[in-house]
Amino acid sequence: MSSDEQDTGDDRARDGARSPGRRDPEQERRAAERARRIRERRAAERRAAAGSPAADGHDQPDEPGETGDRAADTDEVAGPAGRGSGRGAAAAVRERTAARAAERSRSRDPRYRRRRLVALLATAAVVLLGVSAAGWWALGRYGPPVATVRVDGTRQIPVRDVEDAAGDQTGVPLAAVDTDGVAARVSAIPGVAAVEVDRSWPDTLVVAVTERTPAALLDTPDGPKLVDVTGFVYRDAPPDVRLPRLQLPRVAPDDPATLAAVGVLQALPAPVRDQVQTLSLGGGGSTFELGLTEDRRVLWGPWPDTDRTAARARVLGPVLQREGAVYDVSSPSLVTVRQR
């Protein structure tokens, strides 16, 4: 027999001795206390069976001493099995609480936040790339076709040559045009230094050409050729062009003497450059000599000494105002002029 049942029997005996069929206030209080303890015990059994902590404020003790009474009542009813279930439920509650605390601590860590931000940005980038790729594919398949090919930047190269090299793109979806292929074909035209191919929506393909800048002439078995500022020999010279002629053993963009010679011609003021007819190697092949109009010569000095190119070009203009046939500017600070 449990303690509550024994107390109930005692109370009933006392109640029968006092006044049968009626309870005094003390009996009412004890009965209410027993009913409350039974309700709390049953609630504890349900929580132990469900494995979850108390979630309802009505199951919490109203007075400090009631916690001990509730534990005692639970032990009386449940026995060892009930106490084991209670400890298991308490351990599960502690594990869940620790997990939630660890999650909150991790979410407050700046490194964790940065990792989450990076992950979100990477995901957004992948999505955007996918959307862009799908949109570009749709434009290449169903977008507006090319109606016009516009050529910009040509001065000496015929526009027709550029259009022929670009190919017939009319009717091709603008997004589907192989711009790299067009640029490669146009770059192969003699005299083209660089090409940019762009799309001008909705229906125009733009081919922007940068032509080579001629700096000198080179006499070849096939006739005079133009040489650009990089030392590249690229096309036949027009009959009426007037440029200095390079008289060097080899003319090429990778030849140091060629690059030095082109640099000299570019450094000269235009009025002086217009008087230069030839540029050749001097005695020993380590110096330059400029042949001018009116049978004059300029001894330029060692061509590998490119640091003095600007200074020599600067003093040559004033020196040519003096009467003479040979002008030595190899030392810019000590210029000499002589008659043969």
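Visitor: What makes E8 and E9 a pair of strands, and in which sense do they pair?

Guide: Welcome! This is a predicted model, and in it E8 and E9 are joined by 5 bridges in the antiparallel sense. One of the bridges links Ser 280 to Glu 289 in E9.

Visitor: Which residue takes a positive phi in the hairpin of E8 and E9?

Guide: That is Gly 284, with a phi near 85 degrees; the hairpin has 5 residues between the strands.

Visitor: What makes strand E7 and strand E8 count as paired?

Guide: Strand E7 (residues 245–247) and strand E8 (residues 276–281) share 3 bridges, in the parallel sense. With at least two needed, the 3 bridges are enough, so E7 and E8 pair. Arg 245, for instance, has Thr 278 in E8 as its bridge partner.

Visitor: Why is the pair of Phe 288 and Trp 303 called stacked?

Guide: A search of the whole structure finds 1 aromatic pair. Phe 288 and Trp 303 form it, at 6.0 Å centre to centre and with 20 degrees between the planes.

Visitor: Which parts does the pair tie together?

Guide: Phe 288 is in strand E9 (residues 287–292), while Trp 303 sits in the loop between strand E10 (296–302) and helix H9 (309–319), so the pair links parts that are 15 residues apart in sequence.

Visitor: Is Phe 288 buried or exposed, and how do you know?

Guide: Its relative accessibility is 2%. Buried means under 20%, so Phe 288 counts as buried.

Visitor: What is the order of strands in the open sheet of 3 strands?

Guide: The order is E1-E3-E2, with mixed pairing.

Visitor: Why are E1 and E2 called edge strands?

Guide: Strand E1 (148–152) and strand E2 (192–200) each pair on one side only. From one strand to the next, the twist averages 20 degrees.

Visitor: How many bridges join E1 and strand E3?

Guide: There are 5, and E1 pairs with strand E3 (residues 204–211) in the parallel sense. Within this sheet, Asp 152 stands opposite Ala 208 in E3.

Visitor: Which strands does helix H6 touch?

Guide: Helix H6 (residues 179–187) packs on the sheet and touches E2 and E3, its direction making about 150 degrees with that of E2. Helix H5 (residues 159–166), in turn, lies across E1 and E3 and runs at about 130 degrees to E1.

Notes. Residues are numbered from 1 along each chain as its sequence is written. This is a predicted model: local features need pLDDT of at least 70, side-chain atom pairs count only at pLDDT 80 or more; totals for chains, interfaces and linings use all residues. Side-chain values use heavy atoms; hydrogens and water are left out. Rings of Phe, Tyr and Trp (its six-membered ring) pair if their centres lie within 6.5 Å; planes under 30 degrees apart count as stacked, over 60 as edge-to-face and the rest as tilted. Helices (H or I, at least four residues) and strands (E, at least two) are DSSP runs, numbered from the N terminus. Buried means under 20% relative accessible area, exposed over 50%, partly exposed in between (1.4 Å probe, protein chains only). Axes are lines fitted to C-alpha atoms, for helices over the stretch in contact, and angles run from 0 to 180 degrees between N-to-C directions. Contact means heavy atoms within 4.5 Å.
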